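Dear colleague,

I am passing this structure on to you, and below it I have set out what was found. Please look at the sequence and the structure before reading further.

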Amino acid sequence: MEKHRAAALFDLDGVVFDTEPQYTLFWGEKGKLYHPEIADFEQRIKGQTLVQIFDGWFAGQEAVQQEIVADLKLFESQMDYEYVAGIEDFLKALREEGIATAVVTSSNEEKMRNVYGSHPEFKGYFDRVLTSEFFPRSKPEPDCYLIGAEVFGLPVSRCVVFEDSFNGLKAGRSAGMSVVGLSTTNAPESICGLCEVVIPDFRGFGVEKMLGLLA
């Protein structure tokens, strides 16, 4: 196994891709349809896997679950996967500095096939892509990020998490890692207590700043 200096572990939606506004619209509509009594349904489910959403909000409703799955598959096949500003340059710089990179996402392999179709270069930016199938428990539990450290043979003290959702930020913090919050989904003041630093995107955030969090 190649020995890395450190690892950068990235959530996908809202961190690598600016897709959260699209998901907010999708789940907002589902909330209005199936849970009109919950005004902020789309906010409550952020960072959760589909299994978690179904267990928490649609348990025993198999017909509804099937309908949501079908709608979500269609929605994700038509989504715009636009990179968060500056991340491609940041990922290239990390690779040049010998820092391991991984996507650590609640998305499943089927969703990732849409990503690979939209961005054939995507896999070249990351050493590993860890999807929901890898994790026994989902965010806000720390399992996914602990596995991220394990696959690179690194202690948690040498890993930096990049997250946007409350559940993801809590997962990184619970894993004992340094956490960078992206304000792509939530206001900076609402997430600042869950991370070391908040950034709007990756422009102006370089490798040295990331390594400075590990000093």
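Which residues does R44 touch, not counting residues up to four places away in sequence? They are I38 and W57, where contact means heavy atoms within 4.5 Å. Before the rest, please note that this is a predicted model, in which local features need pLDDT of at least 70 and side-chain atom pairs count only at pLDDT 80 or more, while totals for chains, interfaces and linings use all residues. Residues are numbered from 1 along each chain as its sequence is written, and side-chain values use heavy atoms, with hydrogens and water left out.

R44 belongs to helix α2, residues 41-44; helices here are DSSP runs of H or I with at least four residues, strands are runs of E with at least two, and both are numbered from the N terminus. With a relative accessible area of 44%, R44 is partly exposed, a class that lies between buried (under 20% relative accessible area) and exposed (over 50%), using a 1.4 Å probe and protein chains only. Although R44 and N167 are 123 residues apart along the chain, 9.5 Å separates their C-alpha atoms.

Turning to the helix packing, α1 (residues 20-34) and α4 (residues 62-77) pack at an angle of about 155 degrees, and their axes are 12 Å apart. That makes α1 roughly antiparallel to α4, since angles over 145 degrees count as roughly antiparallel, under 35 as roughly parallel, 65 to 115 as roughly perpendicular and the rest as oblique. The axes are lines fitted to C-alpha atoms, for helices over the stretch in contact, and the angles run from 0 to 180 degrees between N-to-C directions. On the α1 side the contact is made by Q22, Y23, F26, W27, K30 and Y34, which meet V64, E67, I68, D71, L72, F75 and E76 in α4. The residues of this contact divide into 8 nonpolar, 1 polar and 4 charged, where Ala, Val, Leu, Ile, Met, Phe, Trp, Tyr, Cys and Pro count as nonpolar, Asp, Glu, Lys and Arg as charged, and the others, Gly among them, as polar.

In helix α6, residues 109-118, the buried residues are K111, M112 and V115. They cover an arc of only 95 degrees around the axis, which puts them on the same side of α6; the arc is that of the directions from the helix axis to the C-beta atoms. These buried residues pack against α1, α4, α7 (122-125) and β3 (128-130), whereas the face turned away from the buried side carries the exposed residues R113 and G117.

Just after α8, G153 takes a positive phi of about 65 degrees.

Two single residues remain. F10, in strand β1, counts as buried at 0% relative accessibility. A85 lies in the loop between α4 and α5 (87-96) and is partly exposed, with a relative accessible area of 29%; leaving aside neighbours within four places in sequence, A85 is in contact with D201, F202 and R203.
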